[in-house]
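Work through the exercises below with the model open. Try each task before you read its solution.

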Amino acid sequence: MLVMKDISKIYRTDTVKTHALRQFSLFVDEGEFVSVTGPSGSGKTTFLNIAGLLEEFSSGVYELDGRNVSGLNDYDRSILRNEKIGFIFQSFNLIPDLNIFDNIDVPLRYRGFKSAERRKRIDSMLEMVGLGSRAKHLPSQLSGGQQQRVAIARALAGEPRFLLADEPTGNLDSHMAESVMDLLTEINADGTTIIMVTHEPSLAKRAQRNILVHDGRVSDAEPQLHLAAKSA
Amino acid sequence: METGPILRALMHNKTSFILIALQIAVTMAIMVNAIGIIQERSIQMSRPTGVDEANIFYLKSVVFNAAANYEAQITEDLDAIRNSPGVRNAVMTNTVPLQGGGWSSELQLEPGVDITGTGVAMYFVDEQGIDTFGVNLIAGRNFDANEINWHDFETNDWPPLGIVTVGTAEELYPDEPAEAILGKTIYVNSDEPVTIIGVVERMQAAWNSWSGVERSMLVPVKRGSSAVRYVIRTEPGYRDEVMPQIEDMLASSGSDRLIRGMETMADTRKQSYLEDAAMVKLLTFIVVLLTAITGLGIVGLASFSVARRTKQIGTRRALGATKPAILRYFMLENFIISSTGVVGGAMLAIALNIWMVEAFNLQRIAWYLIPAAMITLWAVGQLAVFGPARRATNVPPALATRSV
Amino acid sequence: MFSYYVKLGLSSIRKNPILSSLMVAAIAVGIGACMTVINIDYIMSGNPIPHRSDLLYHVQLDSWDPNDAYDDPDRPPDQVTYLDGTALLAAGEARRQVLSYKTGRVIEPEGDDLRPFQADSRSTTAGFFAMFDVPFLYGSGWDKNADDNEEFVVVINKEINERVFGGEDSVGRMLTMNGEPYRVSGVLDTWDPMPKFYDVTNGPFNQVEEVYFPFSVSIAHELGSRGNTSCWRPVDGDGYAGFLGSECIWMQFWVELHGENERQAYHAFLDAYVESQKALGRFPRPMNNRLNNVMEWMSDQEVVDKDVRVLLGLAFLFLIVCLLNTIGLLLAKVTRRAGDIGLRRALGATRRAVFAQYIVEAGVIGLAGGILGIAMTWLGLQGIRVLYGELDFIARLIEMDWAVVSAAVVLAVVSALAAALYPTWQACAIQPASQLKAL
């Protein structure tokens, strides 16, 4: 479903040329739970931005859901992002002035769904993450774990092709981190593809497969216990 | 359009909202009332006097030889002036429209001391008066030369004929057309009858803010005294050339007298409305300055508000907002804030106007100024927010993934 | 600590030059607008004769039309008739009194090269000069005898003295007016009461008259008023005599009274006088006599232009807009400096200390805004001069004195402090911890 072939990303300044990604290739099938790990500076954030259509790349091919995304302008990329990708950020990135309901509503509005459709989706998402009763609350009134669950609900509400998670438990204590990872595993079990970027090996173990990134390249891609993860 | 969420978000972050809305409201209140005053004054200033302003000038002749024969001097002067090249006509009279000083008396429909009269401005003229002032006789006739009498300070009785303006006729007989006053008799000085033989379209009185400024009467009297005013009408275009010539001619005519106070009708108008004209300019300047300050203020506050939400903008972009969608968001947010501002402003403007009408006797503003100001301030707000909103669209979606 | 905060304030201004200059500019423009109008209002409503203004009283008698008040709703005429003025003068019930009116004379200087010219004149009784504390360069006014004997004396002003006598001490010399010689008894020094309180009916901001001569002489010459003459009923008799005996109002009558007792006594006298006239068939209106001292009279006659008051209201609202801008700018500055504030709090600054620092900073900005505002005020007043320049008295209205200058600075500082209250309160609410993570 997601095909990256020999993706390179070069940042140029007047004096320096930095290769953030070199010949990076990745294939992700539908329904997989893949983790991308590496030390800081390894290029995993660049990978994340490119996979999430947040940045353009210098060379290579990226096909998302069968569609080649090279040469797409900013407008089309935005629309594609909205339809196909669900983001989960390390610091939740909820909009502080909006209540939970309105936060989940944001990507749905960009999608153009009608009011009734949006309400249906938001209500069902809130149910799913167990926050149905807190719809009118502001993010500041929720714990870290609850905020991340809202972010997950926001990411899923539009039925994206895959979730792109960036250190989803980085700002959570171990107890909340567990529950969030449980939720992600559950979502994956229901059929949603998940690509998770993290620097913590213990988290990476929760995925079915891990890709190591080092110096902008893929190192040994270790196929992990597929079957073990799927049945969990 | 995301009106609901924008409103709810504004509720949680009231500061920018209130500051911009308040600025717009106060600006609107000032703007509406200032423009109201500008309108009122401009209308006042544009009223025609009814006389040939472009070609009329006047001067005063002050004789200081107590033994002089005033009548002879005046007759001699008028002949000389009327026969000068470039002069169309001249008349000796007490004042001119908008001069600021003049004579008014009360006219009554019935004789009697207890009857309420109507104040009317008096112009003492001879049969050349109408032509000299260039006023328009729309009914009846002018005075004949033999109907003009010489009066001096001693004479108290009033001539039996008069010519009034439409304004006077309409005030005395409001239910009839102005021309109907022809032949009627009205009373001056309580019981002296005056028959109206002519109606002039318009000749304003000397006081521009007087409620009776359109009420004048021409009286067939020449008042001989030591200080007299000559009003002179030149042929079109000759005024400036003729003025010094007449002044010299009169001043050097050998008698013991001074010529002073020579003015054009055009300058008289300017002087009369000087304060109004200045007020208009001043208020216009204030309105423009105020709009600029408010506009710049909104630019500043909007920039600040956008900069504060960079992370949020990045997140929205990551979630799929296109650049136009971001622009629309901020334009819509500003529109909502401006709307609150102009609604508040409308109420404030009306309240301010009510107070000013009470306290300073100003006029009520025309209703359409309110929607006009609303539209203007909406436009100013949208224009002001456009820059910061466009900057917002340039926030990269990748910002969302940057840590903190 | 205060000087430390001042230092901090100044350095903060230097570190945020754009924001700070915008704030100073916003305050300066608002102050400039306000103080320009306040200056004009202040001068127009100033006391023209402060050391005597509560001793001098303007007299009004309601001799007007029974069917119609002189001025709505029920105000008596602003001038008196010849009959009443002379009667009150003769009665002499007040400490001092003066009856006068505005007229004109033609001065004929000696010598063929000097042309005759008109001079604004005032026909007055002797009391004028002492009552109104008129300054003399040479000589003095005349006395009651001169009034009674219809002496041809004259007091001229400095400019006429220059023009006719070359500026010398001309007391005792003769001046020909309208063909007759008058003896100069005094030359006035510069005299510029603002407003011209003793005759507001005929131009409250005009210059004072150039030439003064006795009332009795003027009447003997059958001179009329160059100011307003109003009559509610036609003149009965013939000629000037008829005019003098009429109900036409054309002169001003002032008295000098010290203390409340004298005022009440005089008011009672006026009432009694009117009663006696009523018995003769005059004064058909109800008793309505007025005694106003200088400031009361100025207020009653609404000497300050209505336009000035309107502009005052608008200028204050303008200042509010400028202040709203300032609040916004201060908020922006506080947000930008959030890190600094958090750090200071972490290092032990109390909320009060943060408050003090930012209030003092606002005060410094206010001070700068006030000083710049003085320049703006000056500009504004020059603009007024350009706009209204043709009005003779404008030059006097645009003079700034120390009171106005100080007021500008005080207003600026107070406004800046008021505007700073909300942003500073916000600054104090910043939690130390929340900002440290961001650094």
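**Exercise 1. Which of the two pairs of chains in contact shares the most contacts?**

Solution. This is a predicted model: local features need pLDDT of at least 70, side-chain atom pairs count only at pLDDT 80 or more, and totals for chains, interfaces and linings use all residues. Residues are numbered from 1 along each chain as its sequence is written, while chains are lettered from A and ligands numbered from 1 in the order in which they are written.

Step 1. Compare the pairs. Chains B and C share the most contacts.

Step 2. Check the remaining pair. No contact joins chain A and chain C. Their closest C-alpha atoms lie 13 Å apart.

**Exercise 2. Describe the side of chain B that touches chain C.**

Solution. Step 1. Count residues. Here 41 residues of chain B meet 39 residues of chain C.

Step 1. Assign elements, using DSSP runs numbered from the N terminus (helices: H or I, at least four residues; strands: E, at least two). At least two residues each come from helix 2 (14-45), strand 12, helix 8 (274-308) and helix 10 (323-360) of chain B. Helix 8 of chain B gives the largest share, 15 residues.

Step 2. Sort by class. Ala, Val, Leu, Ile, Met, Phe, Trp, Tyr, Cys and Pro count as nonpolar, Asp, Glu, Lys and Arg as charged, and the others, Gly among them, as polar. This side of chain B has 23 nonpolar, twelve polar and six charged residues.

**Exercise 3. What is the strand order of the open four-stranded sheet in chain B?**

Solution. Step 1. Apply the pairing rule: two strands pair if DSSP finds at least two bridges between them. The order is 2-11-1-12, with antiparallel pairing.

Step 1. Find the edges. Strand 2 (87-93) and strand 12 (257-264) of chain B each pair on one side only.

Step 2. Look inside the sheet. Strand 1 (56-63) and strand 11 (227-234) of chain B are joined by seven antiparallel bridges.

Step 3. Axes are lines fitted to C-alpha atoms, for helices over the stretch in contact, and angles run from 0 to 180 degrees between N-to-C directions. Helix 3 (70-82) of chain B packs on the sheet and touches strands 1, 2 and 11. Its direction makes about 160 degrees with that of strand 2. Helix 7 (265-272) of chain B lies across strands 1 and 12, at about 70 degrees to strand 12.

**Exercise 4. How many Å separate the domain centres of chain B?**

Solution. Step 1. Take the bounds from the automatic or database domain assignment. Chain B has domain 1 (3-46 + 274-401) and domain 2 (65-255).

Step 1. Over C-alpha atoms, the centres of these domains of chain B are 55 Å apart.

Technical notes:
Two residues are in contact if their C-beta atoms, placed from the backbone, lie within 7 Å.
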